[in-house]
Amino acid sequence: NRLKLMFQPMVSMRGNDNEHYEVLLRVNNGQEDISVGEFLIGNRISDELKCKMDRWVILSTCRTLVQQGAQSRQTRVFINLCGASLTDESLVPWVRTTIANAKLSPSSLVLQIAEEDASRHTAKAKKFLYQVQASQILSSISHFGCSLSHDDLLKTLKLDYVKIDGSYIQELTANPGESKELMALLKKVHESERISIVPCIESAATVSRIWQFGLHFIQGNYECTSTA
């Protein structure tokens, strides 16, 4: 009972009425709630336990969606998966069964993998995302644009959403005139017919600088809400 979910909203820049949230996992270390990223860093936690935590997040998220009546609002939630889950061949069938038992639409869940994991295990990521698409579940890649192979990943992986790495926004915030790299990256994403997400949006000034890039969603810590 030390794990807690938080739901961070994504704001549409194109008038999409559906609710979009990213699920953030927090763990209490005895004193405060910390990001699960800090908790999982290093080799203290086995891959087996990480995969179990992914399933706990998926199951708990589905329960929350049912409790909140999210089906009627066409809510979509993004769930981050660890790299080890890409090798778990039983995960997608289990997710499919979990969604069916909760009487949710498969498109209620967006399974999100990190670009680093996809780049390191491209063949496994490709197979995993094929299973996801075949199950009518949606998919996303996060921290996009950091690896040398990001162009190839965009061409070979079956993805619905692409979340740009936050470093691009941090650079734009520090140097407002430096937007060419972000513009070029978003252009590639949009030409591939994927839905773009730009994170780390913390101010109206940043929104005004990027709205003309044609992105689909923005996300930032200023609108973070939590649930038990």
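1. A word on how to read the values. Residues are numbered from 1 along each chain as its sequence is written, and side-chain values use heavy atoms, with hydrogens and water left out. As the model is predicted, local features need pLDDT of at least 70 and side-chain atom pairs count only at pLDDT 80 or more, while totals for chains, interfaces and linings use all residues.

2. Which elements supply at least two residues each to the lining of the largest pocket? They are strand 2 (20–28), helix 1 (36–40), helix 2 (47–67), strand 5 (109–114), helix 4 (115–120), strand 6 (138–144) and strand 7 (161–164). Helices (H or I, at least four residues) and strands (E, at least two) are DSSP runs, numbered from the N terminus. Sorted by class, the lining holds 17 nonpolar, 12 polar and 12 charged residues. Ala, Val, Leu, Ile, Met, Phe, Trp, Tyr, Cys and Pro count as nonpolar, Asp, Glu, Lys and Arg as charged, and the others, Gly among them, as polar.

3. Is E22 buried or exposed? E22 counts as buried because its relative accessible area is 7%, and the cut-offs are under 20% for buried, over 50% for exposed and partly exposed in between (1.4 Å probe, protein chains only). The side chains of E22 and Q219 make a polar contact of 2.7 Å. Such a contact is a pair of N or O atoms within 3.5 Å; within protein, one must be able to donate a hydrogen and the other to accept it, and residues adjacent in sequence count only if both atoms are side-chain atoms. Leaving aside neighbours within four places in sequence, E22 is in contact (heavy atoms within 4.5 Å) with M6, F7, Q8, M10, F78, N80, Q112, K163 and Q219.

4. H216 sits in the loop between helix 9 (204–210) and strand 9 (217–219). With a relative accessibility of 15%, H216 is buried. H216 and R14 are 202 residues apart in sequence, yet their C-alpha atoms are 5.9 Å apart in space. Their side chains are joined by a polar contact of 3.1 Å. Not counting residues up to four places away in sequence, H216 touches V11, S12, M13, R14, H190, R194, I195 and S196.

5. Q136, in the loop between helix 5 (122–134) and strand 6, has a phi near 65°, a positive value in a residue other than glycine. E193, in the loop between helix 8 (180–191) and strand 8 (195–198), also has a positive phi, near 65°, and is likewise not a glycine. Q136 is exposed at 58% relative accessibility, and E193 is exposed at 73%.

6. T122 is part of helix 5 and is partly exposed, at 32% relative accessible area. A polar atom of the T122 side chain lies 3.2 Å from the backbone oxygen of S119. Beyond neighbours within four places in sequence, T122 is in contact with L153 and L157.

7. Finally, the overall fold. The protein has 9 helices and 10 strands, and 45% of its 228 residues count as buried. Its radius of gyration is 17 Å, which agrees with the value near 17 Å for a compact globule of 228 residues; the radius is taken over C-alpha atoms, and the globule rule is 2.2 Å times the number of residues to the power 0.38. Along the principal axes, the C-alpha atoms fill a box of roughly 45 × 40 × 40 Å. Among contacts with a separation of 6 or more, 66% are between residues 24 or more positions apart.
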